[in-house]
Amino acid sequence: MELAALEKEIIEWDLSTPEAQQRFRQRFLKRGGVLDTLLGQLKDFPPAERKERGSYLNRLKELAQQRLASTQAAQAHQENPTLSDPTFPAFYIEAGSRHPLSLVEERIIRIFQRIGYTLADGPEIEDDWHNFSALNFEPDHPARDMQDTFFVDPARGILLRTHTSTVQVRVMERQKPPIRILAPGRVYRHETISARAHVYFHQIEGLYVDEEVSAADLKATLEYFIHSFFGEGTKIRWRASYFPFTEMSAEVDIGCLICGGSGCPVCKHTGWVEVLGCGMVDPNVLSACGINPERYAGFAFGLGVERLTQLIFGIPDLRLFGQNNLQFLQSFRGYAL
Ligand code: DAH
């Protein structure tokens, strides 16, 4: 009998049921089985062939024993899983992955920590004072409108914060300058959900208050950040803007990373994308928080985490961040920014 064919038979025998295992045992392992019979016939072979054939047959017997034993061990383990068999192959465990917004948030924080910023936070359910009044919003400012803000208790002005600038107020109320903080967090706005807008998103607020803080410090700090985050060659454009809580106010655009400045839907064919708002803290805000504007000055800025994440990963639709779509989330597995 061809021993190679026998070997193939041993390897390919279906061992899934107890009956199949019984037949396997009878054919290969029992007294009177094929291997036993062949071993018995060894004496009919010439001595030169006998030795090699004998050890081949013994290897086949061992192979049959091993296949049966490992199949039965696997089945026993499946029925009654324990860690008692250290030779058993490990189960594949699906590794988790960090959410892209967390990755980007952490990277932003690390860049600012290198120049001395520490973290601060505040509540998501806020009052009118911290979200609007202390930040110099006029009593009839449109942002206070029900159209833009989710009110928890409209009569008492309790609301879901619409920006992380609330944390500026909370920190200045309880801390004396020098202040140098970063406040990451979730904010809420009454928007129609689309590819470009959502009812919640994430911001990182920055605040620096001390004696003799100037707009030059603001510019140098934010250019350092943008070059660290997007790369040294990134083009930066400063635009005058308006926020109630800063005087002067500016917005910063960078050269669109998606199209390289030639124009695409992300930059609305302008070649530029806005990445942050900033300015010198309005003296009214310092006073409202108990800091003397004659002695101290400060700058502040607000970054949109979703915007930066979209730009760096090329994510076209904001809604992907909140959908728990596994295929999307798993594509960030093992990613370190
Ligand atoms: N709070 C602003 C917003 O939600 C962002 C912002 C702009 C924050 C300028 C600042 C700032 O601290 O100085 O759009």
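Into which domains is the protein chain divided? In this predicted model, local features need pLDDT of at least 70 and side-chain atom pairs count only at pLDDT 80 or more, while totals for chains, interfaces and linings use all residues. Residues are numbered from 1 along each chain as its sequence is written, and side-chain values use heavy atoms, with hydrogens and water left out. The chain falls into domain 1 (3–84) and domain 2 (100–330), with bounds from an automatic or database domain assignment. Taken over C-alpha atoms, the centres of domain 1 and domain 2 are 71 Å apart.

We can start with helix α1 (residues 3–12), whose buried residues are L3, L6 and I10; buried means under 20% relative accessible area (1.4 Å probe, protein chains only). Helices (H or I, at least four residues) and strands (E, at least two) are DSSP runs, numbered from the N terminus. These three residues lie on the same side of α1 because they cover an arc of only 55 degrees around the axis, judged by the directions from the helix axis to the C-beta atoms. Their cover includes α2 (18–29), α3 (34–40) and α4 (47–79).

Turning to the ligand, H163, Q168, R189, Q203 and E205 come nearest of the 15 residues around it, where near means a heavy atom within 4 Å. A polar side-chain atom of Q203 sits 2.9 Å from a ligand oxygen atom, and a side-chain N or O atom of E205 is 2.5 Å from an oxygen atom of the ligand. The protein covers 89% of the 350 Å² of accessible area that the ligand has on its own, by the Shrake-Rupley method with a 1.4 Å probe.

Key. Buried means under 20% relative accessible area, exposed over 50%, partly exposed in between (1.4 Å probe, protein chains only). Contact means heavy atoms within 4.5 Å. A polar contact is a pair of N or O atoms within 3.5 Å; within protein, one must be able to donate a hydrogen and the other to accept it, and residues adjacent in sequence count only if both atoms are side-chain atoms.
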